[in-house]
Amino acid sequence: MTDQLSSNIQDYLKRIYEITSGGGLATTNQLASVLKVSPASVTNMVQKLATTRPSYLVYYKHKGVQLTEAGRLAALKIIRRHRLIEHYLMDALGYTWDEVHQEAEILEHAMSPLLESRIDAALGHPEFNPHGNPIPNSNLSVPEIEQISLNAIDVNQTAVILSVPHEDPKVLRYLDKFGLRPNVQIKLLSRTPYDQTMRVQITATGEEVIIGPTLAEEIALLIEE
Ligand SMILES: [Zn+2]
């Protein structure tokens, strides 16, 4: 079923999943912004996706949308392919981690189930993509991981990076320069009271990095016991 969905519909479902994964609804304006289309186009599309059989989402007029189970599974399927491709490009083809997202945005729509399972097997069924996001398994289940953003920890607290924002190559190159990657332990050295700018130290190297609150919101951490 999902294989017959257009690339455009797959992108909608993926974006709605991302926006609503923490709970709540995806609004028309949020979708228009991430999909780079007009709010009117979003309204047309979500009305359509709410009336297909099976329907992929529920549309609450003037409030937003939420995926149905069919929509959620279709989204997870495309997210699985996207993250496997990112992993494969780095692992097998020597891409850097700031290059893989844009390629995966294109290739995710062209991947057959056979290629998906071969890549998954070749990589040894990985659980995370290079940016630390979980890869849904072949049954489309995703592990629940306890996480908080870098903004939420206290000064002098240490934590291990779970995931970093993956879409902007400039951000990834900046993080990479300091070795700020998933599984790396960091310590928050200070946070300014006026604009919440943080000084973060990488435990293994002692190197310090300045991070603003917008970027910090998108860096997910596992809290150490
Ligand atoms: Zn990506």
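**Domain arrangement and local features**

The chain is divided into two domains, domain 1 covering residues 1-142 and domain 2 covering residues 148-223. The model described here is predicted. The C-alpha centres of domain 1 and domain 2 are separated by 26 Å. Contact between the two involves 11 residues of domain 1 and 13 residues of domain 2.

The size of an interface is often expressed as the accessible area that is lost when the parts come together. For domain 1 and domain 2, the buried area amounts to about 1,100 Å². Carbon and sulfur atoms contribute 56% of this area. On the domain 1 side, the residues that lose the most area to domain 2 are Trp97, Asp98 and His131. Together, Trp97, Asp98 and His131 account for 55% of what the domain 1 side buries.

Polar interactions were also counted between the domains. Two salt bridges are found between domain 1 and domain 2. Across the same interface, four residue pairs are in polar contact, with both residues of each pair at pLDDT 80 or more. The side of domain 1 that touches domain 2 receives two or more residues from each of two elements, α1 (7-20) and α5 (100-107). A salt bridge is formed by Arg15 and Glu167, with the closest N and O atoms 3.0 Å apart.

Within the range assigned to domain 2, strands β6 (residues 198-202) and β7 pair in the antiparallel sense. The pairing of β6 with β7 runs over four bridges, and the bridge partner of Arg199 in β7 is Ile210. The two strands form a hairpin, with five residues lying between β6 and β7. In the turn of this hairpin, Gly206 has a positive phi of about 80°.

The side chains of β7 (residues 208-211) alternate along the strand. Val209 and Ile211 point to one face and are buried.

In domain 1, whose bounds are 1-142, Thr68 is placed in the loop between β2 (64-67) and α4 (69-93). Thr68 counts as buried because its relative accessibility is 17%, which is under the 20% limit for that class. When residues up to four places away in sequence are not counted, Thr68 touches Ser55, Tyr56, Leu57 and Val58.

How values were computed: Residues numbered from 1 in each chain as written. Predicted model: local features only at pLDDT ≥ 70, side-chain atom pairs only at ≥ 80, totals over all residues. Heavy atoms only, no water. Buried < 20%, exposed > 50% of the residue type's maximum accessible area, 1.4 Å probe, protein only. Pairing = 2+ DSSP bridges. Domains from an automatic or database assignment. Contact = heavy atoms within 4.5 Å. Buried area = accessible area lost by both parts, 1.4 Å probe. Salt bridge = Lys/Arg side-chain N within 4 Å of Asp/Glu carboxyl O. Polar contact = N/O pair within 3.5 Å; in protein donor to acceptor, adjacent residues only side chain to side chain.
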